[in-house]
Amino acid sequence: MSDKQKRFFLSEDEIPRQWYNIQADMVTKPLPPIHPATHQPLKAEDLYPIFAKELCHQELDTEHAWIDIPEEVRDMYKYYRSTPLVRAYGLEKALGTPAHIYFKNESVSPVGSHKLNSALAQAYYCKQEGITNVTTETGAGQWGAALSYAAKVFGLEAAVYQVKISYEQKPYRRSIMQTYGAQVTPSPSMSTRAGKDVLTRDPNNQGSLGTAISEAVELAMTTPNCKYVLGSVLNHVSLHQTVIGLEAEKQMEMAGEYPDIVIACFGGGSNFGGISFPFMRHKIKEGKQTRFIAAEPSSCPKLTRGVFQYDFGDLSGLTPLLPMYTLGHNFMPANIHAGGLRYHGAGMIISQLLKDGYMEAVDIVQSESFKAGLMFSKCEGIIPAPESCHAIAATIREANKCKETGEEKVILFNLSGHGLIDMTAYDQFLAGSLLDFEVTDEEVAKNIAELDKII
Ligand SMILES: *Cc1c(COP(=O)(O)O)cnc(C)c1O
């Protein structure tokens, strides 16, 4: 084993020059997003007040399979890409599985997660358009950190609304954003109408991603030269993340293998889409029999227990209506440590692919995810982000199945980030004080019933 290659890298020249837009190849295209006021299918122009124009066009592009990565963005990718593809020999051995397990290590980006891949692209397009300010929301702080750094790189001011409970409980993430020069505001705040509304009703409100999105969107719509940027869910975000899967495809080839199963954790779908879509194109176009598994938390089970419905992306109903698997925009997930997975819905491309049977989803309770994360840390040395632990747990489940059947399946999962700023969560797990949260059928049904009124 010792003479076998463990990590696979690409040269700078081999870093992808284009992102892959799976919308162009999908047999059934996603239903159109709907304008919240007119209830007509959305046009790119409708999105101009909120997002940079180029991103609006990428969002709705169902024609072009390949989109050029701007040279300025690709130049920034060179600082940390290609990310390594690693054969997890340690994990395989500990599990005693015949499966071959590979992971794509996105935790090596300067901010510690895959989120920088899209933050750089979005900041670049804003700069190109003459925008001076960008605003966004962040929960756990991973996206806020990525955006803060990307904004600095391209000379933009960043204003980040951070969910209040995270602002208070995860001070290091706030420090990271401030270190990059961003202005960070705990949400709900009195600086927007959306924030004021929430605080008037409930002065002790601890905030949610939905409220923080409403605040950021409102700021973008009311401030000249300011655009809103989003770290997940939307099509253009998954598009930028396909750099992960495109690299992995070449690296798997270097390893002389092709994945039977591709796994990623699932918040809004960007890291899942990023690693999956390039491989899925061979399933769509050539009928390759790869399985794709999205691993979501049991406390926020939109893919496994939500409904396919038009719903808002935020709490206040400011965003377009998107056709997606959702638990309802009023759904309040339990306060699990994998903050990046606490989102009520799923991206519309992924929702359509799940509906059409191209992929599967599994739900994982918090304790199983951390148990997997701990095992991975001991075998591979990298402490995974609480979000990524869900992908590892799903991988271990599949590897254990291979152990039972004796099948030498090739499993590829995405390590979306490291957990070095999430050690409080590991502390709680080690102390045995971590709670598991399950959602009752009644809760799901109640939220979804409210959805019927929307459209
Ligand atoms: C944000 C985040 C996620 C979840 O977001 P997706 O858009 O579903 O990828 C997963 N892992 C890490 C490390 C994150 O920061």
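**A helix and its surroundings**

Analyst: Let's start with charge: the protein chain carries 42 positive and 53 negative side chains, and the centres of the two sets lie 3 Å apart. (Lys and Arg count as positive, Asp and Glu as negative, with His and the chain ends not counted; each charge is placed at NZ of Lys, CZ of Arg, CG of Asp or CD of Glu.) Bear in mind that this is a predicted model, where local features need pLDDT of at least 70 and side-chain atom pairs count only at pLDDT 80 or more, while totals for chains, interfaces and linings use all residues. Residues are numbered from 1 along each chain as its sequence is written, and side-chain values use heavy atoms, leaving out hydrogens and water.

Now the setting. The protein chain has 18 helices and 15 strands (DSSP runs numbered from the N terminus, H or I of at least four residues for helices and E of at least two for strands). Among contacts with a separation of 6 or more, 77% come from residues 24 or more positions apart; a contact means heavy atoms within 4.5 Å.

The part I'd zoom in on is H14, residues 348–355. Seven of its eight residues are buried, so H14 is largely enclosed by the rest of the structure. The buried ones are Met348, Ile349, Ile350, Ser351, Gln352, Leu353 and Leu354. What do they pack against? On the helix side, the partners are H11, H12 (270–286) and H13 (302–305). On the strand side, they are S12 (307–312), S13 (321–326) and S14 (360–364). After H14 comes Gly357, with a positive phi near 80°.

Val233 isn't a glycine, yet its phi is positive, about 65°. At a relative accessible area of 8%, Val233 counts as buried. Go back to the loop between H10 (209–222) and S9 (226–228) and you'll find Asn225, another non-glycine with a positive phi, about 60°. Asn225 has 42% relative accessibility, so it counts as partly exposed.

For another enclosed helix, look at H16 (386–405). Here 14 of the 20 residues are buried, so H16 is also largely enclosed by the rest of the structure. From first C-alpha to last, H16 reaches 30 Å, close to the 28 Å expected at 1.5 Å a residue (that figure is 1.5 Å times one less than the number of residues). Just after H16, Gly406 takes a positive phi of about 75°.

Two cis peptide bonds are worth a glance too. Arg81 and Ser82 are joined by one with omega about 0°, and Ser82 is in the loop between H3 (71–77) and S4 (85–87). The bond from Ser187 to Pro188 is cis as well, with omega near 5°; Pro188 lies in the loop between S8 (183–187) and H9 (193–201).

Technical notes: Buried means under 20% relative accessible area, exposed over 50%, partly exposed in between (1.4 Å probe, protein chains only).
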